[in-house]
Amino acid sequence: MATTNKLAGIVGKINKLPTFARSRALTLFFGKVVPFTGTAGIRIEHLDAERCVISIANKRRVQNHIGGVHAVASLLLAESATGFLVGLNVPDDKVPVIKTAHAEYTRRAKGDMTVEAHLTPEQRERMRVDDKGETSVPVTIRDSENQEPIEIEMIWAWTPKRR
């Protein structure tokens, strides 16, 4: 895949590191670029142009009043995973923005949370060639029991950068 932007180039270089070092390097990098992800303790497990997997440990700093991962922290996971993907695929002359975040909390989450987001080849191509647009980025969130306690839809848009 040809590099579409500076971010994709940096992530591509990180992904050439030995397997044991990639997740830590990606997590540290995005913690500096997007400080709130570092503050919350998000860990990037996998990231390339097609797929992103991130997780958050059920620690005190992200818990709600009943000891689970706070609803907003789980939404942060989904927004981060989908945003990282869109950011890797939108050329430097465009800016990605979250347009819609919709969450249905269907059951109580247990333990740590993991999110996986995907982009199709068609979505990636549209981001590269269309001057502006929007797309729903598929995302699945699972708890430590491998259940899906939240149904999430994230719609991202992109527009030309203002000069």
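This briefing looks at one strand and at some salt bridges in the structure above. The model is a predicted one. A search of the whole structure turns up nine salt bridges. Side chains of opposite charge can pair when their charged atoms come close.

- Follow strand β5 (residues 133-137) and you will see its side chains alternate.
- Strand β5 pairs with strand β7 (residues 150-160) in the antiparallel sense, over five bridges.
- Within that pairing, Val-137 has Met-154 of β7 as its bridge partner.

- Glu-134 forms a salt bridge with Lys-99, with 2.3 Å between the closest N and O atoms.
- Because Lys-99 lies in strand β3 (residues 94-105) and Glu-134 in strand β5, the pair ties together parts that are 35 residues apart in sequence.
- Glu-134 is partly exposed, at 35% relative accessible area.

- The side chains of Arg-51 and Glu-116 meet in a salt bridge of 2.8 Å, N to O.
- This pair links distant parts of the chain, 65 residues apart: Arg-51 is in strand β2 (residues 51-56) and Glu-116 in strand β4 (residues 113-118).
- Arg-51 is partly exposed at 30%, and Glu-116 is partly exposed at 28%.

**A network in the loops**

- Glu-145 and Arg-107 form a salt bridge, their closest N and O atoms 3.5 Å apart.
- Glu-145 sits in the loop between β6 and β7 and Arg-107 in the loop between β3 and β4, so the pair ties together parts 38 residues apart in sequence.
- Through salt bridges that share partners, Arg-107, Asp-143 and Glu-145 join into one network.

Terms used: Residues are numbered from 1 along each chain as its sequence is written. This is a predicted model: local features need pLDDT of at least 70, side-chain atom pairs count only at pLDDT 80 or more; totals for chains, interfaces and linings use all residues. Side-chain values use heavy atoms; hydrogens and water are left out. Buried means under 20% relative accessible area, exposed over 50%, partly exposed in between (1.4 Å probe, protein chains only). Helices (H or I, at least four residues) and strands (E, at least two) are DSSP runs, numbered from the N terminus. Two strands pair if DSSP finds at least two bridges between them. A salt bridge is a side-chain nitrogen of Lys or Arg within 4 Å of a carboxyl oxygen of Asp or Glu.
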